[in-house]
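Student: Can we go through this structure term by term? I'd like to see what stands behind each label.

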Amino acid sequence: PTPMKLRDAPSACPSLWRCLPCPPAELRLDLVLSSGQSFRWWESSPGSWTGVLGSRVWTLRQDGDRLWYTVYGEEDEHKEEEEERDGCPAKAAKLDAAETERILRDYFQLDVGLSALYRAWGAADPLFRKVAKDFPGVRVLRQDPIECLFSFICTSNNHISRITAMIERLCQAFGRRLCCLDSRPFYAFPSLSALTGPAPPRCCPCHGAMASPAPTHVPLLCPPAGADAEARLRALGFGYRAKFVSGSARAIAEGLGTEGLYQLRTAPYAEARSVLCALPGVGAKVADCVCLLSLDKAEAVPVDTHIWQIARQRYGVAVGSKSLTPRAYQEIGDFFRGLWGPRAGWAQGV
């Protein structure tokens, strides 16, 4: 199919853009989408962010107090008889206005008033008040639990640009192709069944050149069709994480299932955390990231060595160990929950 053109601003095909009111104090796209909460967005032009959300490709842009968005149709929706006018598809993606707005509001949790939370955290914590002036509009995304879990399994001993490239390869090899924008293909995040089943009869696309500024790909050996998920992930450069991704996919498929993972949204925080920690490759920090970013546990505070040092040095938290032990981890999380309240995980993100 002919690649679609990237729409980087509402001036490009205005009829295909919509907006909703959203002041920068409530959301700063540049701070939220580059912060390592999600790894599927890239700044496709200055101030415009393109990525995959809800098995659709979107471009988002902020202009004053408005959040602009456009959704691209899937390739099979763009039949040859559809005329293009001035480079614009004759039809937009098959999603109505109410549905696209609902998806965005849910993803950015726009029903949560962030300015009021900033004021409350600042009143309780002078250090937060000092830092927050430079970082307005940082809110927590509400992501798909499957995507969030497997993305964060890939984060151990890793950095954002490398994680982003790994997730891109995972989606190319195991996900469904959605569309092509300016010669760059976009893929949905793999389903649980895709991560547990045998390879489809196609070569994994690790050789495919991607248009800049997509993550660059190192040529890798393609495992044979039918190879199990772990072998394919190793061929894609996942290293020891391959065992954890395929092992967790199998454990969920054979246990609580995708639906059960979603149902952890209504379970108590401690229960959701312990279920996640039983999965291969999931420790306390990854479990807390998944709880916070996809399972509605706003009190979850992911603690790494950086947060541990801040807690000790700036907040004077007395933990009885010289390293981040499970007990120290719990004590630091409890300290911040006591300081910042029921949305402590949101405050920690700032």
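Predicted model: local features only at pLDDT ≥ 70, side-chain atom pairs only at ≥ 80, totals over all residues.

Tutor: Residues are numbered from 1 along each chain as its sequence is written, and side-chain values use heavy atoms, with hydrogens and water left out.

Student: What makes β1 and β2 edge strands?

Tutor: The open sheet has 5 strands in the order β1-β5-β4-β3-β2, with antiparallel pairing. Strands are DSSP runs of E, at least two residues, and helices are H or I runs of at least four, numbered from the N terminus. Two strands pair if DSSP finds at least two bridges between them. β1 (18-21) and β2 (41-45) each pair on one side only, which makes them the edges. From one strand to the next, the twist averages 30°.

Student: How do you know that β4 and β5 pair?

Tutor: Count the bridges: β4 (residues 56-63) and β5 (residues 66-72) share 7, in the antiparallel sense, against a cut-off of at least two. V57 has Y72 as its bridge partner, and T59 has T70. The two strands form a hairpin with 2 residues between them, and G64 in the turn has a positive phi of about 60°. On to β1, which is joined to β5 by 4 bridges, again antiparallel; P21 is partnered with R66 there.

Student: And what makes β2 and β3 a hairpin?

Tutor: They run antiparallel, joined by 4 bridges, with 2 residues between them. G47 in that turn has a positive phi of about 85°, and W41 of β2 has G51 in β3 as its bridge partner.

Student: Why is β5 called largely enclosed?

Tutor: Buried means under 20% relative accessible area, exposed over 50%, and partly exposed in between (1.4 Å probe, protein chains only). 6 of the 7 residues of β5 are buried, so the rest of the structure largely encloses β5. β2 is mostly covered, with 4 of its 5 residues buried.

Student: What makes L256 partly exposed?

Tutor: Its relative accessibility is 32%, so L256 counts as partly exposed. L256 sits in the loop between α9 (241-254) and α10 (257-263). Leaving out residues up to four places away in sequence, L256 touches L261, L264 and V275; a contact means heavy atoms within 4.5 Å.

Student: Why is the contact of α13 with α14 nonpolar by class?

Tutor: The residues are I307, W308 and A311 of α13, and A328, I332 and F336 of α14. Ala, Val, Leu, Ile, Met, Phe, Trp, Tyr, Cys and Pro count as nonpolar, Asp, Glu, Lys and Arg as charged, and the others, Gly among them, as polar. That gives 6 nonpolar, no polar and no charged residues.

Student: What is called a nonpolar core?

Tutor: A set of buried Ala, Val, Leu, Ile, Met, Phe, Trp, Tyr and Cys residues joined through side-chain atoms within 4.5 Å. The largest one has 71 residues, and W121, L149, F150, L276 and W346 touch the most other members. A second, separate core of 20 residues includes L33, V71, L104 and F108.

Note on methods:
Axes fitted to C-alpha atoms, helices over the stretch in contact; angles between N-to-C directions.
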